[in-house]
Each structure stands twice: as structure tokens, then as C-alpha cells.
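Me: Could you walk me through some sheets and helices here, and explain the terms as we go?

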Amino acid sequence: MAVTDLFAGEIAAELLKHLITIARKSTSCRSSAEQLIHYIRDLLPIIQEIKLSGTELPQHRQRQLDNFSEILSGGLELANKVLNSPRWNVYRNICLARRMEKLERNVSRFMKGPIQAHVLADVHHVRVGMDERLDRLEWKLGSMKIGVEEGGGWLGAAVKRVEDEERWCEDNLVNLGFTGLELGKMKVKEMLMADKKGLNLNTFSVVGIHGIGGIGKTTLAREICKDHEIRSHFNDKVHFLTISQSPNVEQLRSKIRGMVSGNTTVGDRFPQIKLGFEDVESSSPQSLLVLDDVWTLSVLEQLLIKIPGLKILVVSRIKFPPSVVENSYELDLLTENEALSLFCHFAFGQTSIPIGADEALIKEVVDECKRLPLALKVIGASLKGQSEMFWTSAKNRLSRSQPLCESHEVQLLERMKLSIDNLSDKEKECFLDLGAFPEDKRIPLDILINMWVELRDIDEQEAFAVLVQLSDKNLLTLVKDARAGDKFSSYYEISVYQHDVLRDLAIHLSNAGGVNQRKRLLMPRREAALPKDWERHADEPFNAQVISIHTGEMSEMEWLQMNCPKTEVLVLNFSSNTYFLPPFIKTMPKLRALILINYSNTNAFLKNASVFSSLTNLRSLWFEKIALPLLPHTTTPLENLQKVSLVLCDISKSIHHSHADLPHLFPRLAELTLDHCINLSELPSSICLIQTLTSLSVTNCDSLEELPENLGRLGSLQILRLSACPNLKKLPPGVGNLGRLKYIDVSQCVNLGSLPEGIGGCARLEKIDMRECPQMKRVPGSALGLASLRRVICDEEVSWLWKDVEKSRPGLCQVARECFTLDWLDE
């Protein structure tokens, strides 16, 4: 396709605009203009098809299109002359009318001749091109899953943008003149370091930061934690802990004692590890503990463990009394100049109003954001690249958002609505879905993507596009987990975080209308029982597509008799050792995704597991911190279940003492994830008979010693993850029979000595991740035959093992940074 084809559409579109004006204003040229309008409107979609084909045309066809482009260019020039010709110049207008008639004849001849042949040929090209693009989209999504795209592809680019924004905010804290944050930093540092002038270092004291939501309290607290003077003063013993609206106080107290005494908090997430806390009284003096997002005085009083030498910084929306918090700094709103600078950064990519922009309009929009940092950031991003008319409309809508009271909290929600109104319908629904998850918790990307795919009738590619759009508009934050390693990691190591004010907004908008008619039934925080308004309306069906419940331990009698015929996603958040599954699951014939997350210290035993027999349409299942029951022979097959994720689960009974026929129970299972599963020493051999399985992920299972010998029978397997299984010493030879395998991850398998001899049989293998495998001594010779291999991620001392393969593929090996940690578990 020549360059002229690209311009033909643009010329035709511009010519069409001029012809419409001519038909309205010029009497002498009206007839020709109207006929040309008819031709051009028929022609535009054909030109678009030719452009989309992406195929080089034969020379004779290209020459015809080039000639026609010249005709259109001459027509555009002629149309300009007609529009600029004064009415009094009769002779000139007659000549232009004749030229318009000639142009009409030339276009007519082309439309009735060559264009007919072009249509048939170009439609064929469109079909071929579309097939190729669909193949490329499928490959791109697969590449994103296994992380072979340079820099992580467009999802990686979104994560990088977030990281760059964080660095920008850090670097410009002072440069932009954010005096409130800088002054606050100085004042709070003085409070925290007040004992430096010879006072008793072993004193216990509490100071605070308070202010409205979205004003930057957490940002200020994190800046203080990174400050060199603070870290030096507290001997690098600085700890950060998020409390939230639904805290487990006993768990938090245990975590605080562990932090201050020097023990890790891993025991909170791994019940099999018994932590023996040292006497905190003997801990070294001078440590700082930040308690972020504290909501109530009663919770704070329970968390104030008086340990000599401990300073506590409390971050909250409310100001606590001096009897509890000795000194507190109130964070002020931004000044007008600071607000303008922050807004311009997110709206224009610079810290001032661009030259030629409507300065008055921009300042009016900034003023309507009421100098609230979060509103400036989100609304600025939502207006980026929009027309002046769009800006005017936004300003008018902002000015009409009169809150019910003068509370800044209400003002913030009212103004943030604008950023949601500007979303497409699908993006808006996806944003509102985020309210189904607890505040201050990272949402694994798998959960969110699966939820949107099942709920919003979109494929994974479109779900990722929505995710990136919401991130670009600062409505959510993409976070790469610390365990992700480097940029060559896949999207599975990315999670989603949402500011609690944005979550409040999602819940606020979702709660509009009657309880029975809402699309979402959401519990904002953990409660002892279901909401009273649900109970009052339980005699009528609930039409919610999404139901999110957040409770403690629930017995059979504590559940309501609810009828939920339209529910497609059920999120059960709880904290207890036992949990009775809600009986009303049986009233959910359309349930497609079930998410069950336990936030207690130990794995929960499930009761009422018989409800699963009714979930005939279930497609996605996520269990976290659950002790799976024994699978009986009589279990009803979940014929539509495609994705199962078991995280921090105890599945020893279910697997070791069960001879369940897994292919029979899960006949369509495509993705199976086992992460941090307790006492998992082996996998049942029947897993290898699931011919639909495309992804098998067994990670962070320290008891796993071997894999089934018949693993090579998984003929559809494309992704095999075995990272952080330290007792795994070898892979079965059958791995070489996995002809469709694209990615194998054995990173942190510290006792793995070699890849299987027959690895060369994996003809489609694109990536191998073998970071932190110190016992890796050799690479099989068959690896030379891995023609599709594009990347090997490994440590420097292992990279030389690939020297023979790299001779034909320079740059194959990428040396990884060592940055695996368990810090993500604290989230």
C-alpha cells in the first residue's frame, strides 16, 4: 500500500466537508456538489478498507489509486476556490461550475469502473489483514502472560508510567513549591525527633497527621519514612502498617510486636510457621511505627502498645484527643499556585498552562477541584487531550455539583463524579466493580481480569485495555509486586491498588437506588452480620450481578434467606477459622466467578460445601487461606469451570487422601494455580490427564519434591510455572514432550540441577526463567534446537551455560536483578 492511499481518505473526508458547505451556499455549483457528496460518502468506507488491508497492491492497481488521489487533491483545491469566490464575480463562478461538473464526471467514471474491481479485491485484503491482526493480538496477549515483550508491552508501559509518576511526585515535592507537604514534613519531623536534645530516649510517645481524605496524608507519611534524618535517628527501624476500616486488632497487635522486636510478620500469613516473639521490653530503643488510615479512637487505643523507645505516628482523617495523641499536624489544602501546577502536570504533562490554551477556563476548572490533590490528579487526567468544548462542559458540571453540606469529604466525592461520567459505559462498570474488594488491599490482577471477562462479556485483551485506561486516568494504581523480579516478569506479578477515596466513590455510586434493584450489593467494611437493609428487603429477589460480603465467622443461622437469580460474581471476604458457606449460593444459577478470601491467621475450614453441586455455570474459582476438604467420589462435576486459583491454602487432605478423578470433576479446566500451598509434597497424577489444561502454576510450595512422571501428557499446556519450590531437584523427562509449551519458570528452585535432557522437544518454547538457581550446572545439548526461544532470564553465573545457544542468537540471555522478597505478603 503506497503513501498516497493513506492520504486519499483524509483528502476525501476534507473534500466532503467543503462540498456540504458548497451545496448549502452556492447556487451554481449545488447540483454537482450534491452528486459528489453522494459519491464521496460511498467512497470513504471503501478507502478505509483499502487502508486497513495493510497489503501491498499490484502496480497497475496502485497506479489507478494514485491517479484518483490526484483527482481528489484537485477537487479539494477546486472546492476551496468555489468557497472563496465572491458572488458578484459571475464569470468566475460560471467557470468554477463547469470545472465542478467535470470533477463530478471524473469521479463518476472511477466509481463505475475501477472502483468496482477494487472493492472485491480490497475486501479480500481486509479479511486476510484482520485474520493476521487477530493472530497478532492473540500472540501479544500470550507474550504479555509470559513476559517476553520488551519492557512488558503496553501493560508494562502502564506500570512504568505509575512508577514514573511516583518518582515525579517525590522529586517535585519541593520544586513545585508544595509548601503544605514540605512544611508538614518539617513539623512532623520536629515532633518525632523532639527527644534528640538530651531527653530520655526510652520514652514512649504518639504524634499524628490528620486531614481530609485525598489531601495527601499517606504521601506525607511515606516521605517521612524515607527521610534520611528520620531513618538515621531511628537506626533504620522504621515500620509502616495500614489499619483501614475493618481491622483485625489481634492480628495487628501481633504484627506490631513482631515488627518492633525484630521478627518478621510472615507468621501471620503462614500458619505452619510458629514465631517465638522475643520480649519486646528488651528491644533496642528508638524505633518508629507509622499507623496509616486509622478510623476510630477505640481501635487506636488497642494498638498503642507502650514499648520504651517506640515512637508512633498516627495517620487519620480525624484529630484524636491530646490524651492519646500528644501532638498532631493538620495537613492543609494546596495553595492556588500549587493546585494549578499539580493539575497542569496531569492534564498537560507540564507544570504550567500551555501557550495558547484558555487560561481563564483552566483556572476555573482548577478552582472547582477545591485544591484537593486527588481531585486535581484524577480530573486533570480525565480532561487530558480533550477539546475546549469538552472542558467547558466539564467546568459547568463541576460547578453544578453542589454538595449536601460543606464537608470537604462530600465535596471531593461530588467532584470526583466527573471523572467517572467521562468514562465509556464499560469502563465505568469496571471501575464500579472495584468497590467489591476491601480497602487498602492489593487486588491480584488474575482476580480482576477473570471477573471482568465473566461479568462484562469481554475477552482478556479488552479487559487489559480497560485496565490501562483506568490506570491512565489515575482511577487505579498498577503495582508490580516485590517478588516480580525485573521487567521481564509477566503480568501475573502485577496487582491493582485503589485509593480509599476512589473506593468510597465506587461504593457511593453503586449504592444509588433501591437495595433490590442495585447492580452491586457491597459491604464497605467488615461487620458481624449482613446489613440491616438487606434483611429488611430479603422477601424480594435481589437483582445484583455482583455481591460482596465482608464478615467474621458466619454460622448457618446467621445467613439470610436471599434469592439472587442474577448474581454472576460473588466475593466472600471474612476472617475466621471456620466458615459456613452461604446457603443462598443455591439461588444463584448464573454464578460464574466465586472469590473466597480469608484474612485470619489460620486456614479456615469450610462448611456447607454441598452448595458447589448447584454451581453448574461456575467458570472461575479463587480460594485464599482455605483448608480444602476431601473430595468425595460423588462430587458433581463442575463442567464449565475453567480457572482455579488456590493461594495460601492447605490442600494436603484434598490431594493426599483423595483418589478423585480430576478430569471427570473439571472437564474444561484450562488454568490451575497453586501458590504458597501448605504441605503440598506431590501433585496427583490425574492432573496430567486434563487435556484442556493450558497453564499449570505451582509456586512457593516448599514441600514439593517431585512432579508426576506423566507430566508430558498435558498436550495443551503452554505455561508451566514452578518458581520458588526449593525442594524440587529435577523435572520429569516428559517435559520434553510438551510440544505447545511456550514458557517455563523454575526461578528460585534452588536445588534444581538441570533442565530435562529432552527440553529440545519443546518446539514452541519462547521463554525460560531460571533466576536464582545456583545448583544449575548444565544446559542439555538439545536446547540448541529450541528455534522459538527468545529469552532466557538467569543469573550472571548461569548465563555462560547458554553460550553455545547464544552464538546463533546474540542477546538471548538477560541477567536479572535479585529483588525477590516476601514484603508483598504484608499487603
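**Strands, helices and their terms**

Me: Which residue of strand 8 is the bridge partner of isoleucine 443?
Reply: In strand 8, that partner is valine 496. A word on the source: this is a predicted model, where local features need pLDDT of at least 70, side-chain atom pairs count only at pLDDT 80 or more, and totals for chains, interfaces and linings use all residues. Residues are numbered from 1 along each chain as its sequence is written, and side-chain values use heavy atoms, with hydrogens and water left out.

Me: How do you know that strand 6 and strand 8 pair?
Reply: Two strands pair if DSSP finds at least two bridges between them. Strand 6 and strand 8 (residues 494–497) have two bridges, in the antiparallel sense, so they meet that definition. Strands are DSSP runs (E, at least two residues) and helices are too (H or I, at least four), numbered from the N terminus.

Me: Why are strand 12 and strand 16 said to stand at the edges?
Reply: Their open sheet runs in the order 12-14-16, with parallel pairing. Strand 12 (578–580) and strand 16 (626–627) each have a single partner strand, so one side of each lacks a neighbour in the sheet.

Me: What makes the crossing of helix 12 and helix 14 right-handed?
Reply: A crossing is right-handed if the near helix is turned clockwise from the far one by less than a right angle, and left-handed if anticlockwise. Helix 12 (residues 336–348) and helix 14 (residues 373–383) pack at about 35 degrees, their axes 7 Å apart (axes are lines fitted to C-alpha atoms, for helices over the stretch in contact; angles run from 0 to 180 degrees between N-to-C directions). Their crossing is right-handed.
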